[in-house]
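Trainee: Please pick one part of this model and go through it closely with me. I am new to it and would like a connected account.

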Amino acid sequence: MLTDRQGERLPDWLDAVRQDDLPSLHTLAAGLDRDRDAVMAGLTLSWNSGVAEGHVNRIKMLKRQMLGRGGFDLLRKRALLA
C-alpha cells in the first residue's frame, strides 16, 4: 500500500486493524481516520515535501552546530552559503 501508492486500500486496512486484538494499532487507526483525506492524499499522490523537509533539516543542523557562537547574521550567512 505504501510503496505502490494504493491509498484506496486504506479503508480495508483500517477495518482489519480494528478487528485485531492490538490496542496500540487501534490508536493508530483512530489517528489515521481523523485525518483520512490527508492520509489518502499522501498514499496516492506523487507529490511530497521531501525537498523542503531536507532544507529544514539542514538549517536545524547548522543552528545546532552554532549554538552559543556568533549571532543571527553568521547563521544566516552559513544557511545561505551552505
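Mentor: Helices α1 and α2 are roughly antiparallel to each other, where angles over 145 degrees count as roughly antiparallel, under 35 as roughly parallel, 65 to 115 as roughly perpendicular and the rest as oblique. This is a predicted model, in which local features need pLDDT of at least 70 and side-chain atom pairs count only at pLDDT 80 or more, while totals for chains, interfaces and linings use all residues. Residues are numbered from 1 along each chain as its sequence is written, and side-chain values use heavy atoms, with hydrogens and water left out.

The part to follow is α1, residues 10–19. Helices here are DSSP runs (H or I, at least four residues), numbered from the N terminus. The angle between α1 and α2 is about 150°, and their axes lie 9 Å apart. Such axes are lines fitted to C-alpha atoms, for helices over the stretch in contact, and the angles run from 0 to 180 degrees between N-to-C directions. The crossing of α1 and α2 is left-handed, a term used if the near helix is turned anticlockwise from the far one by less than a right angle, with clockwise being right-handed.

On the α1 side, W13, L14, V17 and R18 make the contact; on the α2 side, the partners are L25, H26, L28, A29, L32 and D33. Contact means heavy atoms within 4.5 Å. By class, this contact with α2 has 7 nonpolar, 1 polar and 2 charged residues. Ala, Val, Leu, Ile, Met, Phe, Trp, Tyr, Cys and Pro count as nonpolar, Asp, Glu, Lys and Arg as charged, and the others, Gly among them, as polar.

A29 counts as buried because its relative accessibility is 0%; buried means under 20% relative accessible area, exposed over 50% and partly exposed in between (1.4 Å probe, protein chains only). Apart from neighbours within four places in sequence, A29 is in contact with L14, V17 and R18. W13 is 16 residues from A29 along the chain, and 9.0 Å separates their C-alpha atoms.

Back in α1, the buried residues are L10, L14 and V17. They line one face of the helix, because they fall within an arc of 60° seen down its axis; the arc is that of the directions from the helix axis to the C-beta atoms. An α-helix has 3.6 residues a turn, so residues three or four places apart point the same way. D12 and Q19 are exposed, on the face of α1 turned away from its buried side.

Both α2 (23–34) and α3 (36–44) are among what covers the buried residues of α1. The axes of α1 and α3 come within 11 Å, crossing at roughly 120°, and these two helices are therefore oblique to each other. Here L10, P11 and L14 of α1 meet R36, V39, M40 and L43 of α3. The contact of α1 with α3 divides into 6 nonpolar, no polar and 1 charged residues.

Finally, the segment before α1 holds R5. Phi of R5 is near 55°, a positive value in a residue other than glycine. Most residues other than glycine have a negative phi. With 38% relative accessibility, R5 counts as partly exposed.
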